[in-house]
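Student: I have a protein model to read. Can we go through it step by step?

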Amino acid sequence: MKILHTSDWHLGQNFMGQSRVDEHEAFLSWLLEIIKEKEIEVLLVSGDIFDTGTPPNYALELYYNFLKELSSIKTLITTIITAGNHDSVSTLKAPKKLLEVLNVHVVTTGDEDENVIIPINKNDELISIVCAVPFLRDSVIRQSLSGITISEKEKLANSGIKAYYENCYTKALELKQDKNIPIIAMGHLTTVGSRSSQSERDIYIGGTIDIGGDYLASMFDYVALGASSYKSNSWKQ
């Protein structure tokens, strides 16, 4: 199985007051060619598709045209898109059901109403499982408690995120059974030992959370992150 992992497109972003539309058009055109050339089977987009919660119309047009073009690539089995901290849940969620017709899965919050465990099938055979975890907001990973310190909030965030991934991994193992297939995790967070760029704001209280890439790699065969990327040992079949 061939996967391509990408993230943080930030469509609609301006740089020094100048639109980056030409750059984004060139990038998406290049990405389409790579997917065709390398015969990619699964495309993973790990958050921050847009730069703001209210992207300009041209950014939405770029996004939808790109997804339409993907539907013509015969080797591509599915595309999985997860929301980042810059993305508007409602913007990504609105066309969710329609995009499923194009084999595009969109996961926005990761709450109980969304199934983040996505089986990948080829010729009616299960070939991998993706735990499509988006940016996890406070309402999903921890209770809102008054009278607690920032340090205590950080601990709640850490334990909540770890518990979420562990629960996803347990569910994926149940689906995997005894098959020799990879379990892939997506996410949008900055892990310990990685470095965010100057343009990326802290996405959790206190900045970097106390979750190392090795922690995720101890469970999953491949970890596809946005915000700051970490890759585990490649899984080979």
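Predicted model: local features only at pLDDT ≥ 70, side-chain atom pairs only at ≥ 80, totals over all residues.

Student: What is the mean pLDDT of the protein chain?

Tutor: pLDDT is the predictor's confidence in each residue, from 0 to 100. In this chain, 83% of the residues reach 70 or more. Over residues 193–208 the pLDDT is below 50. The mean for the chain is 86.

Student: In what order do the four strands of the open sheet lie?

Tutor: Strands (E, at least two residues) and helices (H or I, at least four) are DSSP runs, numbered from the N terminus. Two strands pair if DSSP finds at least two bridges between them. The pairing here is parallel. β1 (3–6) and β6 (104–107) are the edge strands, each pairing on one side only. The order is β1-β4-β5-β6.

Student: Which residue of β6 is the bridge partner of Ile81?

Tutor: Strand β5 covers residues 78–82 and runs parallel to β6, with four bridges joining them. The partner of Ile81 in β6 is Val106.

Student: Which strands does helix α1 touch as it packs on the sheet?

Tutor: Contact means heavy atoms within 4.5 Å. α1 spans residues 21–37, and its direction makes about 160 degrees with that of β1. Such angles run from 0 to 180 degrees between N-to-C directions, with axes as lines fitted to C-alpha atoms, for helices over the stretch in contact. The strands touched by α1 are β1 and β4.

Student: Why do the buried residues of α1 line one face of the helix?

Tutor: Buried means under 20% relative accessible area, exposed over 50%, partly exposed in between (1.4 Å probe, protein chains only). The buried residues of α1 are His24, Leu28, Leu31, Leu32, Ile34 and Ile35. The arc uses the directions from the helix axis to the C-beta atoms. Seen down the axis of α1, these residues line one face because they fall within an arc of 165 degrees.

Student: Which exposed residues sit on the face of α1 turned away from its buried side?

Tutor: The cover over the buried residues of α1 includes β1, β4 and α2. The face turned away carries the exposed residues Asp22 and Glu37.

Student: Is Ser128 buried or exposed?

Tutor: Ser128 lies in strand β8, residues 125–132. Its contacts, not counting residues up to four places away in sequence, include Met1 and Pro182. Its relative accessibility is 0%, so Ser128 counts as buried.

Note on methods. Residues numbered from 1 in each chain as written. Heavy atoms only, no water.
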